[in-house]
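Me: I would like to go through this structure term by term. For each label, please set the value against the definition.

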Amino acid sequence: MAENILTAEMKKVVVRFSGDSGDGMQLTGDMFSQSSGIAGNDLTTIPDFPAEIRAPQGSIGGVSSFQIQIGGTEIYTPGDTVDVLVVMNPAALAANLSFLKPGGTIIADKDNFTSKNLKKANFDENPLDDETLDDYHVIRAPATSLTKEALKDLGLEMQTITRSKNMFALGVVLYLFSRPLEKTIDFIEKKFSKKPTLVEANIRALNAGYNFAVSTELIGKSVVIPPAKLPQGTYRNIDGNTAIAWGLLAASEKSGKKLSLSSYPITPASEILHELSSRKDMGAIVFQAEDEIAAICAAIGASFSGNLSATTTSGPGASLKAEAMGLAVIAELPLVIVNVQRAGPSTGLPTKTEQSDLFQALFGRHGEAPLIVMAASSPDDCFMYSYEAARLAMEHMTPVILLSDTYLASGTSPWRIPETDELTEIKIPKFQGPAEEWEPYMRQSEYLNRYWMSPGDKGFEHRTGGLEKKEITGNLTYDPLNHEKMTKIREEKIDRIAKRLPAQEVKGPKSGRLLVVGWGSTHGAINTAVTELIEEGETDVAFTHFNYIKPLPENTEEILASYDQILVCELNNGQFVHYLRSKFPDFSYKQFNKIQGQPFFTSEIKAQIINHLSD
Amino acid sequence: MQAEKTKDKRALTSKDFKSDQAVRWCPGCGDYMILAIMQKAFTQMDNAKENFLSVSGIGCSSRITYYLETYGIHSIHGRAISVATGAKLANPDLNVWVFTGDGDCMAIGGNHFIHACRRNVNLNIIIFNNKIYGMTKGQSSPTTPAGVKTKTAPEGSYENPFNIGEVAIGAGATFFARVPDNNPKLMEDVMMQAYHHKGTSVIEVLQNCVIFTDGIHEKITGRDTKDDNQIILEHGKPMIFGKEENRGLKINGMRLEKTVFENGTDDSLNHDAEEIDPLLHLALSKLHLPDYPVAMGVIRKVKSTPFEERVHSAIASVKKQNKIKNTDQLFRSGNTWQIE
C-alpha cells in the first residue's frame, strides 16, 4: 500500500466529490467550498457534469463530479490530480479513479456497491473487497444505511432519505479537514428555510457522517490547512457566468444607465441570461430573442435608446451575430458582446472548454470592423472584466467582445466583494452644450469617441445606420476619401484605448531566456506552473498573461523584446501566437497548444517549460 | 410637462418631420406618398418629437428613415423589427415606427416578423409591398404572384406567395390593415389607428414600383377598377363595395361569399375588427381577384397587453416586493464570509 499522502498539516489539497447525477454532488461541493472559504482557505472549483440532462441512473455516463482545490496559499486551479475522492457508487469510482494520486484517500458509500450497481459500472468483483484499490486508503462508509437509520423517524419518503446521504459524505469530509459543523448547518438552514423537515433531515445526515468519522478507527488523523493570506474583506464564491452578469449590473448602477440584455439560449452562456432574468429586482430588462441575430439587433436598438446594452452567446451564436457587429461598429454604438467559448467548430464539443474563437473575435466580420477584444482569466475576475467591458464600450462608443469559456463559466473561485467606491467611475460621453453645436459624428479629441445622444434627448434627433457616414455630420456619402478616412478613424479610435489600459505585468525576471505567454482562462494553470518552478529555484522563466487583446497594452512589445524565446500556451491551434507573430514579427515564438476540450494541467505546462529551458 | 407637450404638438407641422436629406426614390414611386402621409400623421400624434423613432431594414422602403426628421436607425437587412423591439423595450415611452418591404420583412426578416406578431410589442410595422426586390434590381420576393416574370424567374414565378395579412394574423397579430398607395385619406386614417393601437400594428401598403413591377396593383388600385375591386372596411359598418355600393359580403357555410342587394335588401355582414376569433379576419385578408374584391382598411384590431408593458410591470412588481435594493446588497446577500 502506498504511503498516505494526507498529513496533519497541508498547504494544498484537492478533493473530488463524485456520484450519480441525482446524488447532489454539486451542492455538496458547493457547501464544502463555502466551509473552506470561511476557514480562510483560497480555492478554485470545477464541476464535471454528464452531457445528458438525465443520464441513466448508476451508469458511468451519468456520473456527476465536483472538484475543488483548497489551500493555505493562493490557489489558481482546481488541481490536476486528486488527494481525496468521494464516490457514492461504483460508476463514480470507475469514472474517477484515474484522477486519484497514489496514496490518496477514497471515501466510498459501501452500501451502494451492490451487484446491480457494480455491473452497471463494468466491475466483475467488488473493488472495495479485492486488490483493485491497494494503492489507496479506502474508507468504506455505510452512508446509505446510517443515513436511513438517522432519518427513520422523520416520516420522510425513502427517496428523500436516500437523497440526504450526500450530507453524510460531507460530514465525513468536514471531519477529515478539521472543520466545525456550525457554518454548514447555518447554510442548510438558509438553503431549505421553507422546508423545516428537510433542514432536520440534512442536519441529521451531516451529523451522522461526522460522528461516523469521529468514532471510526478508519480515520487515523484529520488534516489542517492553514488559512491563506488573502486581502481583507467580505468574500463569496462565484462562478464566471454569474460574475459576468453581476459585472454588467454593477456597471449599470455605477453609470446610471439601465441595463438591457438581449440573448438567445446557448451552452455554456445561458446562465448569464438566466441570472439577469432573475435580476428584475435590479431593474434588468431582459429579452429572450427568437434567434441570435434578433438578440444582437435588439441589443443595438437598446443601445441607441441609451441603455447599457449586452448580448451573450457562444461561438456558433457569435457567428450569427457577426453582421450586426458590423452595424454596431459603423454606427459607433456601445455594446457588450460576451462569447463564452466552447469547443468548435459547429456544435463541436458544446459542453467542453476551448479558446478557439479568438480569430473570430478579432477578424470575424465583413469590412474593416475593429472593436475591443478582451478576455477574463478566472471565475471571479469575470466580474471585473465584464464591468470594464461595459465601461470601455460606453466611454469609447464601441462594441466590445468579452471572451470567457466553459471552464470559467462553470468553475468557481472566491471573490472579494468590492466596495462600491472601489469601482472605476464611468463617464458617459453625453454632449453638454446646446444641440446646435453638436453633430452626430463629431468626436472628443483625445479618444475620438462620438457622443451618445438618444431618443428622449430633445433637439438631438439624428439618424444612424449601416451606410458610411460623412465625417462629423454623419450624413450619407459615397465620397471615396471620406470612406478611407472614416475607416482609419474607427481603427484609430480602438488603438487609442491602449493608453487607458493597465500596463501588462510580468511575473519573474524582467528579461532572460524564456517568457511564457497566456491569455484568458488559462491563467490559473500557467501561473501555478511558473510559480512552482520559480519556487523550485528556476531563474530563467518569466510569465505574462493577457486580458486585453485588441488593443494590446502599450508595453507589450517592450516585454516581448526582453526575452530570447517566447512560449505561447493556449487551448486552440495557435491563434494568439499567430496574432503576436503578425504584430511583432521580429521575435522568436514557440507554441504549446491543447485542443482536447479540457483545460491545461499545471503539470503539462511545467513539462513544456522545462523542455524549452533544456533545449 | 403636459403643457409643454401640447405646445410642441401645436407647433409641429409636416415640415418639422422633413429631414435635410434629398429624397432619392425613382420619380413616380409609391414611396413618396407613404413619406408624405407619415410626415402628416406624425404631426397628429401626442408625443414629444424627441420620442419618435423610425427603424428600417434594407431596401428602397428602408431609405425613408433618412428622410424623416426623427431619431432613426437604418439597420440591416431583415432586422428592423428586432432593432425596434430592443429600442421599445429599453424605453417604452418611444413612439416606434418600422419601415420595411416585402423582401426585407417577409423573406430575410420573416422570423422576426412572426415573433413580433405573437409578442405584441407596441410597434407600428409598415410593409411597402411592391411584390419585388427593387433595390437589388428585380428578383422575386415572397409576395411575387405566381407567373410574374422576374430576374430570378424569367419564365414567371413558380413559387406560392405569402399573403401578408394571413401570415400576420396567423402569427397572432392584434392589428392588421391594408391600404393602397394612392388613397392618402385611408392611409392617414389607418396610420392613426395603428398609432392608437397598443401592440404590434401591421400595415401592408400596396405600393407601386415603377421600374420592376409597374402596375402590379393596377387592377386593385386603378381609377376605373378600384370601386369594384376593393372593399374598404370600417369597424361596425356593413361590408359593402362596388360603384353602385350594392354588393357586400355574407357568410355561406364556412366561407365568405359575395352578395348583391336586390330591392333594397342588404344582407351583408357588419365588419367587426375587434372580434378576438381571427377566422373572418383571415378570410377577409385572403380575398383576392378575380372572384372577390381585395379588403382594405383595418381588418383586425383586438386588445391585448403589449409585450413591453408586461416586461416593465413585472420589473416594477419585483422591485416593489424585493428587499434587495442595490448591487451592493445583492452581492452581500446569501453565503459570504469575512477575511480579517
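Reply: Residues are numbered from 1 along each chain as its sequence is written, while chains are lettered from A and ligands numbered from 1 in the order in which they are written.

Me: How do you know what confidence the predictor has in chain B?

Reply: By pLDDT, the predictor's confidence in each residue, from 0 to 100. Chain B averages 94, and 96% of the residues score at least 70. Residues 1-9 of chain B are below 50, and beyond near neighbours in sequence this stretch has 4 contacts in the model. Where pLDDT is low, the predicted coordinates should not be read in detail. The model as such scores ipTM 0.96 and pTM 0.96.

Me: What makes residues of chain A and chain B count as in contact?

Reply: Two residues are in contact if their C-beta atoms, placed from the backbone, lie within 7 Å. By that test, 57 residues of chain A are in contact with 49 residues of chain B. Helix 11 (292-304) of chain A is one of the elements that each supply at least two residues to this side of chain A. Helix 11 of chain A gives the largest share, 9 residues. Helices (H or I, at least four residues) and strands (E, at least two) are DSSP runs, numbered from the N terminus.

Me: Why are strand 15 of chain A and strand 2 of chain B called paired?

Reply: Two strands pair if DSSP finds at least two bridges between them. Strand 15 of chain A and strand 2 (residues 71-74) of chain B have 3 bridges, in the parallel sense, so they meet the definition. T464(A) has I73(B) as its bridge partner.

Me: Why is K101(A) called partly exposed?

Reply: A residue is buried if 20 or more other C-beta atoms lie within 10 Å of its own, exposed if 12 or fewer, and partly exposed in between. K101(A) has 18 other C-beta atoms within 10 Å, so it is partly exposed. K101(A) lies in strand 5 (residues 100-109) of chain A. Leaving out residues up to four places away in sequence, K101(A) touches I5(A), T81(A), V82(A) and D83(A).

Me: How do you know that strand 4 of chain B is mostly covered?

Reply: Of the 6 residues in strand 4 (residues 124-129) of chain B, 6 are buried. On one side these are N124(B), I126(B) and F128(B), and on the other I125(B), I127(B) and N129(B). In a regular strand the side chains alternate between the two faces of the sheet. Strand 3 (residues 95-101) of chain B runs parallel to strand 4 of chain B, joined by 5 bridges. Strand 6 (residues 201-206) of chain B also pairs with strand 4 of chain B in the parallel sense, over 6 bridges. There, I126(B) stands opposite I203(B).

Me: What makes a set of residues a nonpolar core?

Reply: The members must be buried Ala, Val, Leu, Ile, Met, Phe, Trp, Tyr and Cys residues joined through C-beta atoms within 7 Å. The largest such core has 193 residues, and V400(A) and V98(B) are among those that touch the most other members. A second, separate core of 58 residues includes V14(A) and L85(A).

Key. This is a predicted model: local features need pLDDT of at least 70, side-chain atom pairs count only at pLDDT 80 or more; totals for chains, interfaces and linings use all residues.
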